Amino acid sequence: MIVNAPDAVASVTYAFETYEKALLDNELDVLDGYFWSSEFTVRFGVAENLYGADAIEAYRRQCQPVGPGRTLHGTVVTTFGDTFATVSTQFRDGETDNFGRQMQTWVRFAEGWKVVAAHVSVMQTPSS
């Protein structure tokens, strides 16, 4: 197995960046399309545990959209072969001093890269 083959890294990076743009633009159909449409898809968020693509789609339609001030840093893309990848990143929401962390597991299906598992957490900044 080849780890981080340039073509695989480029293709999953493109998928991740397109997903991130859709997140900032609150393009719900695009976001839904990036998650594996399966009961086995899991997304653990800051305050929610979502099991299945239907639960993730329903959550997106009632949650507060991500603000335009969100910035990413420390993003690491790791591919294993050309069909499996992880993307880990840190983020700031542009509104608070809190740091967020996001991890996604991506699998390349016939129709393209899909998130099969995701985890988002926020580290609270201590008050002065």
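In this predicted model, 28 residues line the largest pocket, and Val46, Val66, Arg70, Phe91 and Val120 lie nearest its centre. A pocket is an open set of points on a 1 Å grid over the protein atoms alone, where a 1.4 Å probe fits, with protein on both sides within 12 Å along at least five of seven lines; lining residues have an atom within 4 Å of a point. The space in this pocket is about 590 Å³, a volume being the space filled by probe spheres set on the points, which are joined across faces, edges and corners.

Residues are numbered from 1 along each chain as its sequence is written. Local features need pLDDT of at least 70 and side-chain atom pairs count only at pLDDT 80 or more, whereas totals for chains, interfaces and linings use all residues; side-chain values use heavy atoms, with hydrogens and water left out.

At least two lining residues come from each of helix H1 (6–25), helix H2 (28–34), helix H3 (53–60), strand S5 (99–109) and strand S6 (112–123). Strand S5 gives the largest share, four residues. Helices (H or I, at least four residues) and strands (E, at least two) are DSSP runs, numbered from the N terminus. By class, the lining holds 15 nonpolar, seven polar and six charged residues. Here Ala, Val, Leu, Ile, Met, Phe, Trp, Tyr, Cys and Pro count as nonpolar, Asp, Glu, Lys and Arg as charged, and the others, Gly among them, as polar.

Buried means under 20% relative accessible area, exposed over 50%, and partly exposed in between (1.4 Å probe, protein chains only).

The side chains of Gln104 and Trp106 are joined by a polar contact of 3.0 Å. Such a contact is a pair of N or O atoms within 3.5 Å; within protein, one must be able to donate a hydrogen and the other to accept it, and residues adjacent in sequence count only if both atoms are side-chain atoms.

Trp106 is also among the residues with the most contacts inside the largest nonpolar core, together with Val12, Tyr19, Phe35 and Trp113; this core has 19 residues. Helix H1 supplies its largest share, six residues. A nonpolar core is a set of buried Ala, Val, Leu, Ile, Met, Phe, Trp, Tyr and Cys residues joined through side-chain atoms within 4.5 Å.
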